[in-house]
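Hi everyone, thanks for coming. Let me put the structure up, and then I'll walk you through a few spots.

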Amino acid sequence: MKRAFLPLAVLLLLLASFVGLSSAYTVSETEQIIITQFGKPVGDPISDAGLHFKTPFIQEVTRIEKRILEWDGRPNEMPTKDKTYIVVDTFGRWRINDAKQFFLRLRDERSAQSRLDDILGSETRNAIAKHELIEVIRTTKDREPDVDATLVDAPGNIGMLYPITLGRAVIEHEIFEKAASKLNDFGIELLDVRFKRINYNESVRMRIFERMISERQQIAERFRSEGAGEAAKIMGRSERDLLQIESEAYKTVQQIHGVADAKATEIYASAYNQSDESVDFYEFIMTMESYQEMLDKDSTLILTTGSDIFRFLKHVDRPNNAPAAR
């Protein structure tokens with residue numbers, strides 16, 4: 001009898017263990033549990049961590065994330081109010097605050113991500129279409145730009161910031177408020193929405209680059225013209241200073257020559273005025289120097305017999321074959 005009862009006891013023990021394992025489940029700190037019976041939720045969500053029990057075989061455990069989740073939207077091309085096409089890449093953070101509503105409406109995170117794509121993408125497109133590009137790009141209003149003093153008088157709006165009334169942060173908050181109210185119906189709490197990246201459309205980008213190049217060329221041309229003007233001024237001043245220096249140097253040289261000649265004349269005069277013979281000798285030397293400067297082998301000199309220059313030649317003995325002085 002005992003031998004027949006032993007296998008039955010083991011079978012009952014195994015069955016009890018299987019039933020116990022099927023009815024027990026654990027809940028971690030990072031999740032919340034929905035108990036479903038025949039596919040429908042039963043009772044309230046369970047979020048307390050620990051060991052819990054359910055009706056075995058007919059009830060199932062659906063685990064739902066309790067932590068903050070991330071939504072990373074796809075970059076989409078959309079127009080601004082001023083008809084400038086830009087590519088906007090957004091991201092957000094969200095969590096499931098009503099697990100039962102979330103399960104009834106969406107079931108899983110994949111469906112939630114798809115719904116987030118639809119709602120946040122639509123609200124982002126609507127917000128971008130209602131505002132100018134400068135409102136989407138800039139974050140704060142009443143910002144003072146750091147303008148280069150050399151570009152103050154530059155043509156166009158180089159170095160200038162257009163005025164804004166809202167700014168990027170306000171537009172992000174607008175998207176957040178409108179999307180949060182819609183996602184609340186799905187048991188989702190939207191925590192934050194931000195622009196991750198904003199780029200120009202390829203065709204718009206090329207026009208922007210061309211305009212930037214044109215502006216920089218205008219600035220470069222202005223600097224070149226100003227530099228050429230300054231170079232001309234510097235060259236003019238240097239030439240004027242050079243002429244002034246040369247003039248003053250020539251004046252100084254002539255003054256030195258005049259003083260030297262006066263001193264030389266004074267020395268000659270003091271040397272040759274010591275006697276009548278020295279005076280006559282000085283006159284003779286000076287006359288001979290004059291002959292040397294005036295005459296060469298191809299010169300013909302016509303003088304009167306009473307000329308001061310000729311009076312020394314009258315006393316010079318000439319060779320027999322030399323022509324007479326005229």
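So, helices (H or I, at least four residues) and strands (E, at least two) are DSSP runs, numbered from the N terminus. Keep in mind this is a predicted model: local features need pLDDT of at least 70, side-chain atom pairs count only at pLDDT 80 or more, and totals for chains, interfaces and linings use all residues. Residues are numbered from 1 along each chain as its sequence is written, and side-chain values use heavy atoms, with hydrogens and water left out.

Let's start with R93, which sits in strand 8. Beyond its neighbours within four places in sequence, R93 is in contact (heavy atoms within 4.5 Å) with I68, L69, E189, L190, L191 and D192. Take L69: it's 24 residues away along the chain, yet the two C-alpha atoms are 5.7 Å apart.

Now, strand 8 itself. Strand 8 covers residues 85-96 and pairs with strand 7, residues 76-79, in the antiparallel sense, over four bridges. Pairing takes at least two bridges found by DSSP. One of the residues to look at is P79, whose bridge partner in strand 8 is Y85. The hairpin has five residues between the strands, and K83 there takes a positive phi near 65 degrees.

Last stop, M206. You'll find M206 in helix 6, residues 202-272, and M206 is partly exposed at 41% relative accessible area. Thanks, all!

Definitions and conventions. Buried means under 20% relative accessible area, exposed over 50%, partly exposed in between (1.4 Å probe, protein chains only).
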